[in-house]
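Here is a briefing on one protein chain. Look over the sequence and the structure first, then work through the points below.

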Amino acid sequence: MTAQTEKRRANHKSRERKQRPSWPKAYSFGLVTGALFLFSWLGQFIFQAITVGNDAREHGQSFQWGDFLPQFLSSTFENWQSEFLQLVWQAAGLALFYFWGSSQSKESDERLEAKVDRLLKDRGIDPDTV
């Protein structure tokens, strides 16, 4: 191997290292989103437990985990269902309409070509020769 070939390989390896961010940096959005999710779910758990405990005390009963957990899971899944259905519809619907080429999401090829032709003409370039 020549020195030049080794130098190229070393440069290639250093570029590879520079292109790959560290694991926390690469997944920082997911980590922050996961932390926010856990924080909000813990908040829901705590405040719902306080509410159920207060309601039980008002009726002269004691707090029962057996009564609380099904209520907590029910409200959790109810929230998830509404949020995920909304999110899935927005993401999947947008992707679907973009793929189909709806007028709201994608310009027609003719209109785009007309704009490019107009820009070329403004710069003194004949669009038919390009």
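**Confidence first**

This is a predicted model. Within the chain, confidence is lowest in helix 1 (residues 3–19), with a mean of 62, and highest in helix 3, with a mean of 93. The chain as a whole has a mean pLDDT of 81. In all, 78% of its residues reach 70 or more.

**The whole chain**

- The chain holds 5 helices and 0 strands.
- Read along the sequence, its pattern is α-α-α-α-α.
- The chain has 130 residues, and 10% of them count as buried.
- Its accessible surface comes to about 11,600 Å². Carbon and sulfur atoms account for 61% of that surface.
- Take the contacts between residues at least 6 apart in sequence: 33% of these join residues at least 24 apart.

**Helix 3**

- Helix 3 covers residues 28–58.
- Which residues of helix 3 are buried? They are Gln48, Ala49, Val52, Gly53 and Ala56.
- An α-helix has 3.6 residues a turn, so residues three or four places apart point the same way.
- Ala56 sits in helix 3. Its relative accessible area is 10%, under the 20% cut-off, so Ala56 counts as buried.
- Beyond its neighbours within four places in sequence, Ala56 is in contact with Gln61, Ser62 and Phe63.
- Gly60 follows helix 3, and its phi is positive, near 70°.

**A nonpolar patch on the surface**

- Leu42, Ile46, Phe47 and Ile50 form a nonpolar patch on the surface.
- Together these four residues have about 400 Å² of accessible area.
- Is Ile46 buried, exposed or partly exposed? Its relative accessibility is 39%, which lies between the 20% and 50% cut-offs, so Ile46 counts as partly exposed.

- Helix 5 runs over residues 109–122, which makes 14 residues.
- At 1.5 Å a residue, helix 5 should span 20 Å; its end C-alpha atoms are 20 Å apart, so this helix agrees with expectation too.
- Side chains of opposite charge can pair when their charged atoms come close.
- How many salt bridges are there? The count comes to 1 salt bridge.
- Arg118 forms a salt bridge with Asp122, and the closest N and O atoms are 3.7 Å apart.
- Both Arg118 and Asp122 lie in helix 5, 4 residues apart, which is about one turn of the helix.
- Arg118 has 54% relative accessibility, over the 50% cut-off, so it counts as exposed.
- Gly124 follows helix 5, and its phi is positive, near 80°.

**After helix 5**

- Pro127 lies in the segment after helix 5.
- Is Pro127 buried or exposed? Its relative accessibility is 15%, so Pro127 counts as buried.
- Which residues does Pro127 touch, not counting those up to four places away in sequence? They are Asp117, Leu120 and Lys121.
- Pro127 and Glu113 are 14 residues apart in sequence, and their C-alpha atoms are 9.8 Å apart in space.

Definitions and conventions: Residues are numbered from 1 along each chain as its sequence is written. Side-chain values use heavy atoms; hydrogens and water are left out. Patches are made of residues with over 30% relative accessible area and no salt bridge: like charges are joined within 9 Å, nonpolar side chains (Val, Leu, Ile, Met, Phe, Trp, Tyr) within 5 Å. Accessible areas come from the Shrake-Rupley method with a 1.4 Å probe; for residues, only the protein chains shown count as cover. A salt bridge is a side-chain nitrogen of Lys or Arg within 4 Å of a carboxyl oxygen of Asp or Glu. Helices (H or I, at least four residues) and strands (E, at least two) are DSSP runs, numbered from the N terminus. Buried means under 20% relative accessible area, exposed over 50%, partly exposed in between (1.4 Å probe, protein chains only). The expected span of a helix is 1.5 Å times one less than its number of residues. Contact means heavy atoms within 4.5 Å. pLDDT is the predictor's confidence in each residue, from 0 to 100.
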